[in-house]
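Here is a quick tour of how some side chains and chains meet in this structure. Have a look at it first, then read on.

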Amino acid sequence: AEITVFAAASLKNALDSIAADWQKETGNSVVISYDSTAKLAKQIEQGAPADVFISASKKWMDTLSDENLINKDGRKDLLGNTLVLVASGKANPVDINKDLDLKALLGDGKLSMGTVDSVPAGQYGKEALESLGLWASVEANVAQSDNVRAALALVAAGEAPYGIVYGSDAIADDESGDKVSVVATFPTDSHTPIVYPAAVTAQSVKPEAQSFLDALSSDASAAVFVAQGFTVLK
Amino acid sequence: MSDWLSPDEWRAVALSLRVSLWATALSLPFGIAVAHVLARRDFWGKQALNGLVHLPLILPPVVTGYLLLLAFGRKGFIGQYLDQWFGLVLAFKWTGAVLAAAVMAFPLMVRAIRLSFEAVDPKLEQAAGTLGASPAWVFLTVTLPLILPGVIAGAVLAFAKAMGEFGATITFVANIPGQTQTLPSAIYTFLQVPGGDPQAFRLVLVSIAVAMAALVVSELLASRVARKVAGR
Amino acid sequence: MSDWLSPDEWRAVALSLRVSLWATALSLPFGIAVAHVLARRDFWGKQALNGLVHLPLILPPVVTGYLLLLAFGRKGFIGQYLDQWFGLVLAFKWTGAVLAAAVMAFPLMVRAIRLSFEAVDPKLEQAAGTLGASPAWVFLTVTLPLILPGVIAGAVLAFAKAMGEFGATITFVANIPGQTQTLPSAIYTFLQVPGGDPQAFRLVLVSIAVAMAALVVSELLASRVARKVAGR
Amino acid sequence: MTLSVALNHQFPGFTLDVNFVAPPGLTALFGRSGSGKTSVINAVAGILRPDQGRISTADTILLDTSSAINLPPHRRRLGYVFQDARLFPHLTVQQNLSYGRWFARPSNGPNFDDIVGLLGLQALLQRRPGALSGGEKSRVAIGRALLSNPALLLMDEPFAALDDPRKAELLPYIETLRDQTQIPILYVSHALPEVARLATTLVVLDQGRSLHAGPAADLLADPDLAPALGLRDAGAMISAEITAQGPDGLTELHSAGGPLWLPQIASPPGTRLRIRIAAQDVILSRQRPEGLSALNIMHGQITEIRLSDDGALVQLAIGAEHLLARITQRSATALRLAPGDPIFAIVKSVAVAQKDIGKR
Amino acid sequence: MTLSVALNHQFPGFTLDVNFVAPPGLTALFGRSGSGKTSVINAVAGILRPDQGRISTADTILLDTSSAINLPPHRRRLGYVFQDARLFPHLTVQQNLSYGRWFARPSNGPNFDDIVGLLGLQALLQRRPGALSGGEKSRVAIGRALLSNPALLLMDEPFAALDDPRKAELLPYIETLRDQTQIPILYVSHALPEVARLATTLVVLDQGRSLHAGPAADLLADPDLAPALGLRDAGAMISAEITAQGPDGLTELHSAGGPLWLPQIASPPGTRLRIRIAAQDVILSRQRPEGLSALNIMHGQITEIRLSDDGALVQLAIGAEHLLARITQRSATALRLAPGDPIFAIVKSVAVAQKDIGKR
Ligand SMILES: Nc1ncnc2c1ncn2[C@@H]1O[C@H](COP(=O)(O)OP(=O)(O)OP(=O)(O)O)[C@@H](O)[C@H]1O
Ligand SMILES: Nc1ncnc2c1ncn2[C@@H]1O[C@H](COP(=O)(O)OP(=O)(O)OP(=O)(O)O)[C@@H](O)[C@H]1O
Ligand code: MOO
Ligand SMILES: [Mg+2]
Ligand SMILES: [Mg+2]
C-alpha cells in the first residue's frame, strides 16, 4: 500500500532516508509532501489525502485535534529541537543570559528570525528573548523571514550579523563554519519545549500509516534524526 | 544525464512540463475569449471582469491557492459538485496543478492577447464582412491570424509562468512527489533543508534550460508569424 | 475605517503602495528600452537577453529572492559596490522591496510593451524621419505616443504584480513591520497562525480594493489613449 | 435591379442628407473631396449605420431605421472596392483575390484567371500585399471585389492609382459588367470623363447633400449644371450606330448630326454606342469648313447660349439630342450666334477618345 | 540646385536600375504602375537603401554606397508627400501640419495660414486623421511636407485623390514653388497633362529602368516618344509672352506661330509662359480657315509625319519650336501632307487649358 505523509519541510533530510529504509523493509511505499506546517494543516482541513501529519508546531496539531481531523490516540511528540543563536562568519561564542547586551552585539545590524507571529522558530525565539528580558531592546532590529531557512540564509549571506534558528538547521549546512557559526544555545527553560508532534489523520484508512508512525520512533530512526541535529523525545 | 536527476526529480520535470503545457493549452481559448470581450465590448460589469482576471496577480500566490482550495477542494463549493457530477477531483491531483497554473498565468495571457486585439485594424474586418464573411468567419480568417503574435506572446508568458508557479500550486495540490510535485516545489523543498542548496541549484538549471528552449522556439515562431502579418 | 486596520497594517498598506508605485515607475524606462531592443534589433545574444528577462517568471519567487540576495546583498557582488560607491543599501530596506517587485514584474511589463512596439507601423516612423526628426525625436513624438496603450498595460500589470509579490520580497528584504512588511507579507503571516484567516481576509480585501482602483483608473486612461492613437 | 437610397446622418460638423435612386447600370457619385461620397457608399455597404435611412433593392431591404432592419454587411452580397485598398496583409495576393469565394457564393462569377490577366496580377500571386506598389494594391483590391461575385458593386475611386493604359484596359470590362449583368454599380470618381463614359445615372453630391440625381446623359448636357460639374469637363453625349469598318483603321458611325469617323472600334456594324463629346473639343462654324484635318462635321441648330466669365456655353440640337460647345465670348460675338441659328460643329475624330465610348 | 541620381537595386523579382539628373525645377517621374517610381523616391529620401548607388546635390552627397556614405533621412531636409498619406494618427491635423517645424529648421518657410487656406483645411485643424476623407488626408499630407520648409521636395502622386477644382488651385502654387525657390522637386504622376504642365525635366521609367530622361519640352514634342507616353497624351510645349489683357476675359499672347488668345491669365504683360498643346487638340488646315469659333491659328511648316495604326503624328516647326498634331491617316492622305509643306494649325483657345500653362 502507499501512504501519504504531510511533513514540515525542515524534516526532509531525515524523513527521506527513514522512509527509504522503511519502504525497503516493508515493501510499502511512502510519498511525503513537505511544506510549512501551516499550509499542511490547512490542506488537511480541506480534505487533503494525508495519512500521517508531522507538524513543526504544537499549536497547529492542537487545532487539527480540536477539529477531530487527527487520530488523537496515536498522537505523539516525536522530536525536539534546540534554539540557537548563529552569527555570520566565524565568531566567538557568547554567553546568553539576562545580562547579554544583544543590542550592542547587533550594532546597527539586524537579528534574523522566523516571523515571530507565525513561524514556529520565530515564536520560540521571541518567547526566549522575552523571558530573558532582551526582547524589548532588540524588537526594532528584528528582520523576520517566512521560514527558518530564509532566516538562516540572511545570516549566511552576511546581511544580518546574528540570527535565531533551530539547532538542526544551523549545523549540517556549514560544518566549516565560515559562513555561519553557532555562538550560543538558548537555555531550554527560556522557551516552551520545541516539539514536533506526529499523528495519523482521522480520515486515514490505511493500517500502514500507524506502523510508519511507529517506525519513526525506532532506534534506527532516532539515530538518523539525531544525526540531523534533532533530539528524540521518548 | 539520467543519473544526474533522481527518478522523483525526473518526474517533477515531466510533471512541470505536462502541467505547463496543459495549463497553457486549456486556458488559451478562454484567454482569447476574455481578451476579445475586454478589447471589443462595452458592457456593465466589464471592470469587474477585468478585475477578476487580474486578481491572481494582485493576491499573494498562497492566497490564490487557498481560494482555489476553498472553491475546488473536495469540500469546496464548486469542487464537491465537480466530484459528484463528473467524478472530477482537482485538489491534490496534477489536474489541480494545471488549474492553479492556468489561473495564475491567466492575467498575463489575457493582457498580451488583448493588446493584439486592440491593434487589429477594424477596417480589415469590415472589408472581410463586405466580402461575405460572417462575424465568425471574419474572426477565424482575419482577426485570429492578425492577433497571432499576441497569442504566441500570451502563450509563452503563460507557459513560463506555469513553469515557475509555486505558491498557489503547492497550496492547492500540496507537494507529493510523482503526483503533484512540480519543479518549483521540488526546488523549494531542497531549499528548506540544510545542505539542500546544490540540489536546488541543479533543478534551477533544469528549469531554466526547459524554459529557454521553449522561449527560443516561440521566438522563432513569432518572428515568422510577425513577418507574415506585416504582409511580407 | 482607521480602527479597522492596526497601525502596522496601515503601514503595510502604505508601504505596498509606495513599493509598487516606485517599482513600476523606476522599471518603466528600462522596460521600454529592453522591449525596444527585443522588438526592433537583431543582435548576438538577443535570445539570452530575452531569457534573462523572463527568468523571474520561470523561477520560483524564492529562488529569485535568493539570487537577489546574493547579488544585491550587503556583501553581494553588486551590492557591495552599490554600498561603497553610492552608499546605497538595499537589503532590509523598502528600497530592496522595490527592487524585488520590479524584477518580478519586469517580464510582464516588457512583453506588453514589446507587443506594442511590434504593432507600430514603421512607415509612420519613416515619415517622421523625412520631416527632420532624428531617431530620438521620432521615438519621443511618434513611437512613444503610439505604444502608450502597451506602456499603460505593462505598467498596470507591473503594478498589480508588485502589489501581490511576496516570495522574492520576503526572501530578499525579510519582513520588518513598518519598514519592509508589505501587504502580502502581512497576509501571509496571518495565514500561518491558527485562526488567522479572518485577519488575512481583511487585508486581502484591502489589497483588492487598492488594486481595483488602480485598474479602473488605468482602464479609463487606456481607453482615452487608445481612442487618440486610433486617430479619432 | 434598382437600388433606392435615402440617408440622414450627423457627423460632428458634417451632415449627410442624401436621396437617390440607382436604376440598373452604373450610378456615379460625383462631388468634391469631403462631399460625402465614401460615407454614402459605406452606408450602402452596412459599415456606416446612418441615424435615419432606408436602403433597398427590388427584393431586399438592406436598411430601414424606422423598422430597425439592418442587414449586416456579409448578408448584403457586396463587392466593395475601398478607397484605401484594405488588403489582408497576412494573405497572399492569390488568397486575397479568392477571399470572397470562400463564403458559399454561387460560383457563376467571373473566371479567376480572366480577372488576374485583366489586372496584370500573374506575377504577384504569391506575394503578400506589404511591399506591393500603390497601383498594384489597388488592382488587387479591384480583383478581390469583382471575384466575390457580388449582387451589388461599390467602387470608391477604384482607378485613382492606375496609369492610363491600365485604365483603358479596365474600363471596357466595367462597361461589360454594367451592360451584361443586372448588378447595380455605385461608382465614386472625380474624373468626369470617366464618369461620363461609364455612368448611366449621375448623383452630384455637395457638402453632404445630393444636389442633382438623374440620367447621366441629361445632367451632362445641361448647361445649368456645367459649372457644378467643372467647366473644363462639361460635355454632352450623343448616340451613334456603327455602319462600317473603314480600311484605314477608322470606323464609320451614323449619328443624328451626320456620319462620324472614329479610330477603330472593335464591334460589328449595327452596334449602338454612346459617344461623349467634351464641350471644349467642339469648334463652331457658320459655313461647312473645307480642307481641314478634322473629319467629323455635324449639322445642328443652336438652342441656348449661356454667357459667363469663363466664356460661352452653347447648346446645339442635333436631331433629338444635344451637344455642348464651349467657346470664348469673343468668338460668340464675332460669329453673331443666336438661338435658332443653324450651325456646324467640328469635332476632331481623335478628340472623341476611345474611352469616351460606351456600349449601350 | 541639381540632384543626381544613380541607383541599382534588386528586389526579389524586380530590378531597379535608374540614372538621371534633376536640374533645378520640377522633375517628373513618369511610368506605369509598378515601374519603380516610388522606389526611386524612397531611395532619394533615404528610406530604401539601394544595393549600389550615388545620390547627390551640388553641395551634399546623400548616398554613396562605394564610400559607405548614407545620410539618414532626417538629415536630408526633405519634404516627402507619400503615396499613402502616412499621417500621424495620434496628432491633430494642426499638429501633423506643424510636425516638420518642430525640428529646428530655418523658419523662412511658407506661412502656416496660407497653406491651410490653400488646402482648405481650416475646418479640420482640430480633428485627428482617423475619420478624414481620402482627399482630406492627402491634402494634410501635402501641407505637412510643404510646411517643413524642405530643401528637396518629393511628391508621390500627391493629387491622385483630389478633385479638379482643388487641383486647379494647387497647381499654380507648385509652379510658384518650382520657379521662385531653388528647391528641386521630384514629382510622380501618371497624369501626363499634369506632368506636362509642371515638369521642367521628365524621367520615363519602364520596368525599373529610366528609359528616357531630359528636358520635358523636348521629350514631349518627340514623336518617337509619343507611344511610350501614351498617344492620347502626346503634345508639345511652346513658349509665349503675354502682350495684352483683352476686355472680354481673354489674354493675348505672342508666340512664334502668331498671336494667341487664352482665357484670362492673371499675370502682367511681358510674362513669359509655357503652353502645352495636346497633339489631339490640333486641327490642320491647308488654307487659313474663316468663320470659325476657334481663335488660335498658327502658321508653320511640316517637319515630320509618322504613320501608325492609330493615325498620323505630324510634327510642325513653329519658328524654332515644335508642335505635335495627331490626325487620322485618312485626313493625312486627303490633305496630301508632306514634310516641308506650309500648314495652318487650329487650336481652340479653350483647348489650351488653364492648367496647361506654366510660368517660365
Ligand atoms: N466619423 C467622422 N467624424 C467626423 N467627421 C467625419 C467622420 N467621418 C467622415 N467625416 C467627414 O465627413 C465628410 C465626408 O467624408 P467622406 O469620406 O464621405 O468624403 P468623400 O466625399 O469620400 O471625400 P474624398 O473624395 O476626399 O474621399 C468629410 O469632411 C469627413 O471629414
Ligand atoms: N520589398 C519588395 N519586395 C519585392 N518587390 C518589391 C518590393 N518593393 C517593391 N517591389 C516591387 O517593385 C516594383 C516597383 O514598385 P514601386 O512601388 O516603386 O512602383 P511604382 O512605380 O511606385 O508603382 P505605382 O504607380 O503602382 O505606385 C513593384 O512591382 C513592386 O511590387
Ligand atoms: O510567493 Mo510564494 O508563496 O513563495 O510562491
Ligand atoms: Mg472618399
Ligand atoms: Mg508608387
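## Rings that gather

Ring pairs tie B:W137, D:F88, D:Y99, D:W102 and D:F103 together into a cluster. Keep in mind as you look around that this is a predicted model.

Over all chains, the count of aromatic pairs comes to 27. One of them is formed by C:W137 and E:F103, an edge-to-face pair with 5.7 Å centre to centre and 65° between the planes. C:W137 belongs to helix α7 (residues 135–164) of chain C, while E:F103 sits in the loop between α2 (93–98) and α3 (112–119) of chain E, so this pair joins two chains. C:W137 is partly exposed at 45% relative accessibility, whereas E:F103 is buried at 8%.

## Charges over rings

The charged end of A:K12 is placed over the ring of B:F190, 4.7 Å from its centre. Within chain B, B:R18 lies over the face of B:W94, and here the distance to the ring centre is 4.4 Å.

## Where chain C meets chain E

How many residues does each chain bring to this contact? Chain C gives 23 residues and chain E gives 25 residues. Together the two chains bury about 2,000 Å², with 69% of that on carbon and sulfur atoms.

On the chain C side, the elements giving two or more residues are α6 (122–130), α7 and α10 (197–229).

## Salt bridges, within and between chains

In one of them, C:R40 pairs with C:E125, their closest N and O atoms being 3.0 Å apart. This pair links distant parts of the chain, with C:R40 in helix α1 (residues 7–40) and C:E125 in helix α6, 85 residues apart. C:R40 is partly exposed at 31%, and C:E125 is buried at 13%. Another salt bridge joins C:D42 and C:K46 at 3.9 Å, N to O; C:D42 is exposed at 74%, while C:K46 is buried at 14%.

E:R32 and D:D163 also form a salt bridge, with 2.7 Å between the closest N and O atoms. It crosses between chains, from the loop between β3 (26–31) and α1 (37–45) of chain E to the loop between β8 (152–156) and α5 (164–180) of chain D. E:R32 is partly exposed at 32%, but D:D163 is buried at 3%. Finally, salt bridges with shared partners join B:R111, B:R114, B:E118 and C:E219 into one network.

Key. Residues are numbered from 1 along each chain as its sequence is written. Chains are lettered from A and ligands numbered from 1 in the order in which they are written. This is a predicted model: local features need pLDDT of at least 70, side-chain atom pairs count only at pLDDT 80 or more; totals for chains, interfaces and linings use all residues. Side-chain values use heavy atoms; hydrogens and water are left out. Rings of Phe, Tyr and Trp (its six-membered ring) pair if their centres lie within 6.5 Å; planes under 30 degrees apart count as stacked, over 60 as edge-to-face and the rest as tilted. Helices (H or I, at least four residues) and strands (E, at least two) are DSSP runs, numbered from the N terminus. Buried means under 20% relative accessible area, exposed over 50%, partly exposed in between (1.4 Å probe, protein chains only). A charge sits over a ring if NZ of Lys or CZ of Arg is within 6 Å of the ring centre and within 35 degrees of the ring normal. Contact means heavy atoms within 4.5 Å. Buried area is the accessible area (1.4 Å probe) that two parts lose on being put together, summed over both. A salt bridge is a side-chain nitrogen of Lys or Arg within 4 Å of a carboxyl oxygen of Asp or Glu.
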